[in-house]
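Please look over the sequence and the structure below before reading the notes that follow.

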Amino acid sequence: MTTRNQDLMKLRHKHVPQGLAVATASFIREARGAIMVDADGRELIDFAGGIGVNNVGHCHPKVVAAIKDQADKYLHTCFHIAPYEPYIELAAKLNALAPGDFDKMTLFLNSGAEAVENAIKIARYATGRQAVISFENGFHGRTCLGMTLTSKVKPYKFGFGPFAPETYRMFFPYCYRCPMGLKHPECRTACAEHLEEFFISHVAAENVAALIIEPIQGEGGFTTPPPEYFAKLQAICRKHGILLIVDEVQTGMGRTGKLFAIEHWGIEPDLITTAKSLAGGMPLSAVTGRAEVMNAAHPGGLGSTYGGNPLSVRAALAVLEILLEDDLLRTAETLGQTLLGRFRALQAEHEIIGEVRGRGPMLALELVRDRQSREPAAEEAKELVRRCYEKGLVLIACGNFGNVLRVLMPLVITEEQLERGLAILEDAFQELKKESAGKLAS
Ligand SMILES: Cc1ncc(COP(=O)(O)O)c(C=O)c1O
């Protein structure tokens, strides 16, 4: 007999610290594609994808087959001690696929935060400089440097200081709530040009090793820079010999309909970090970048016992095959168009949806109490997430104010599952609207 959700939750409170918050009361028994089944046998439609990890779906047969095949051969030798071919094969593939018409190299690690840490180490070594600039509302992980580069204080940083030195934070182009009080396109992307002023009032350009930025902010609320933003930012970086690190941990591996989200902006970053969907549910992260930068650090300066574990790299090779050869990127594009249509229609019906934004199927709804004042509707977002879960849909919120509903469903979701999930979401909005109209009338 298996233990039920309620009993597992009691045990969870006894044995696992509360710091590790959980979003639902469901303990998963099995999962396939875009469906999870919990310990009580309840079926859930997954619009969260393990926070952007399951782009190819839960237990994709090709990923599972690759893991099983590898498990029969060897599990771990440690690449530092006895290297193995799949690591090289995956590195070569990522080097060829990552944007940039230059030689590249790849280093594998375990988590997104570890990739971020290593990208910064590499950039500091290669430039001989120490300072790093990250962005308002950005999220880069929970290690000391990761949370230092992260913007939101509660829950990510509060009580966990001191933080890593020589880090600075600049405006991000959050156009819906422009930090400079301007309006796009009349602003002429002044937030990118602000970097030159930043070098006067915060840190000297010649001390800056790198800028680290998400193409679309994940935890920060799917804030999406305007088309010309990254080219401007990169031009300033190049002028000052600063490396541009693009953190694709959440946006990468087809999430936006392209393998790397930064391809939408047509620039070639110096370094790219990936993780999450890279290995279809296995722990794996990567730093991919300019060969001369990646190769700067001395032998032994980089590494990790488990980094590029054989099971994970085999899973990642299968993920790339699914995305590229099985045409999942094209499916993602179509999914994005469907979602955008439905979300725009929902916005037309519900005043509470202030903005629909994102790229491809990486879309979010920012909720506001009033479209004029744009007061964040965080409680309402929480309530919608709760109602969706009760009706069998797992959905998560994000954003600095917690008022943004984001979708990160597996790209393999079937039409029927998508339809069911969207119907639940639409119902939840309808209920909330009726109730608030009722409250106003009484
Ligand atoms: C953009 C970005 N960078 C880094 C991380 C940290 O990844 P991990 O949780 O695997 O350490 C995340 C996680 O959400 C992320 O979204």
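Predicted model: local features only at pLDDT ≥ 70, side-chain atom pairs only at ≥ 80, totals over all residues.

Residues are numbered from 1 along each chain as its sequence is written, and side-chain values use heavy atoms, with hydrogens and water left out.

**Aspartate 247**
- Aspartate 247 belongs to strand E8, residues 243-247 (strands are DSSP runs of E of at least two residues, and helices are runs of H or I of at least four, numbered from the N terminus).
- Although aspartate 247 is buried, it has no salt bridge, and lysine 276, the nearest side chain of opposite charge, is 9.0 Å away (buried means under 20% relative accessible area, exposed over 50%, partly exposed in between, with a 1.4 Å probe and protein chains only; a salt bridge places a side-chain nitrogen of Lys or Arg within 4 Å of a carboxyl oxygen of Asp or Glu).
- The side chain of aspartate 247 reaches the backbone nitrogen of valine 249 at 3.0 Å, and it also lies 3.1 Å from the side chain of threonine 273 in a polar contact.

**Helix H10**
- Helix H10 comprises 16 residues, 310-325, of which 13 are buried.
- At its N-terminal end, H10 is capped by asparagine 309, whose side-chain oxygen lies 2.9 Å from the backbone nitrogen of leucine 311.
- Just after H10, aspartate 327 has a positive phi of about 70°.

**Cysteines**
- The count of disulfides is 0 (a disulfide is a pair of cysteine sulfur atoms within 2.5 Å).
- Cysteine 59 is partly exposed at 39% relative accessibility, and cysteine 144 is partly exposed with a relative accessible area of 39%.

Note on methods. Lys, Arg positive; Asp, Glu negative; His and termini not counted. Polar contact = N/O pair within 3.5 Å; in protein donor to acceptor, adjacent residues only side chain to side chain. Expected span 1.5 Å × (residues − 1).
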